[in-house]
Amino acid sequence: MGVRVTPDPVIVLHIAGAGRSGSTLFGSLLGQLGDCFDVGELGYLWDRGLRQDGRCGCGVQVRTCPVWRRILQEVFGPDGPGEEEVERLARFHRATSRGRDVASLWLRGRLQEEPSEYRAILARLIRAAASVSGRRVVVDSTKPVAYGRLLDDLPGVQLRVIHLVRDPRAVAWSWLRRKAGTGADTMRTRPVLTTAAMWNLGNLAAMGSWAGEPGRYLLVRYEDLIQDPAHWLRAAAGLAGITDPDLPLIGESTVKMSPTHTVAGNVGRHHSGEIELRLDTEWSRALPPGKRVLVECATYPLRDRYGYGRTR
């Protein structure tokens, strides 16, 4: 990847919504397009990527990845960020991803003001990612809407929002399952009522923040993406101003994935090669009936709005 100057605003495709909705997969697919650089969940670079010595999507530690080393050197100088600076930036990010702040955003339409220093560093980091990768679109799947609102206020950044929604019962089952992962890739579990509340908050906040701006907002159901990936990849590319994208599809449902340079996200970001896209319906058999009823009651009527009203 060659270095180039990027004087024009960098377009950021921000994947918003609730956790475990398939954003890592969608981001990886978009990262295969020639104009896109998928950074994964960029907001967690400081904590999972650097403080916890997490692995880049390419397989090596973020600190030793040649691409991320150059990006960090552009922002912080030849030695990159020190430990104290990493810890401070991790604290700044945590303030953009707390559930109570998302609730505050939805209920009062405002957030706690972030330090201008953090805004400046995040803007420089995004511009450096575009410069080092040679791509004009950065794909960021850090889902909390509070973080997206922060991106929306950065100098030199043009935000485009993909609101990714998945059946809340599938999301609840994903949060109940223990998935293999080590260190920063360890995937936590969560009670179904907490998942249902965060599903409601995340989707309501994303809809309330950007749905009134169709020129830079795209609603995508995860199930529709898996059923027709070509259509939704073209739609997402169009949102970023990419015309006639070269899609990574082999046939209708198989994709050829090159390694990405994602700093955080689902463990699936480490997979490459030919991957068949299949809808995971395990939740319909494995989610305990009592927990399923709790999720269905707690997410009604919003799930009905998104087409998940019928019980399967």
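Visitor: What percentage of the 312 residues of the chain count as buried?

Guide: This is a predicted model, in which local features need pLDDT of at least 70, side-chain atom pairs count only at pLDDT 80 or more, and totals for chains, interfaces and linings use all residues. Residues are numbered from 1 along each chain as its sequence is written, and side-chain values use heavy atoms, with hydrogens and water left out. Buried means under 20% relative accessible area, exposed over 50% and partly exposed in between (1.4 Å probe, protein chains only). Of the 312 residues, the buried share is 54%.

Visitor: How many aromatic pairs does a search of the whole structure find?

Guide: Rings of Phe, Tyr and Trp (its six-membered ring) pair if their centres lie within 6.5 Å; planes under 30 degrees apart count as stacked, over 60 as edge-to-face and the rest as tilted. The search of the whole structure gives four.

Visitor: Why is the pair of Trp46 and Phe76 classed as it is?

Guide: Trp46 is in helix α2 (residues 45-51) and Phe76 in helix α3 (residues 66-76), 30 residues apart; helices here are DSSP runs (H or I, at least four residues), numbered from the N terminus. Both residues are buried. The ring centres are 6.0 Å apart and the planes at 90°, so the pair is edge-to-face.

Visitor: Is the pair of Phe92 and Tyr118 stacked, edge-to-face or tilted?

Guide: Phe92 lies in helix α4 (residues 83-94) and Tyr118 in helix α6 (residues 116-133). Phe92 and Tyr118 are buried. With centres 5.6 Å apart and planes at 45°, the pair is tilted.

Conventions: Helix = DSSP H or I, 4+ residues; strand = E, 2+ residues; numbered from the N terminus.
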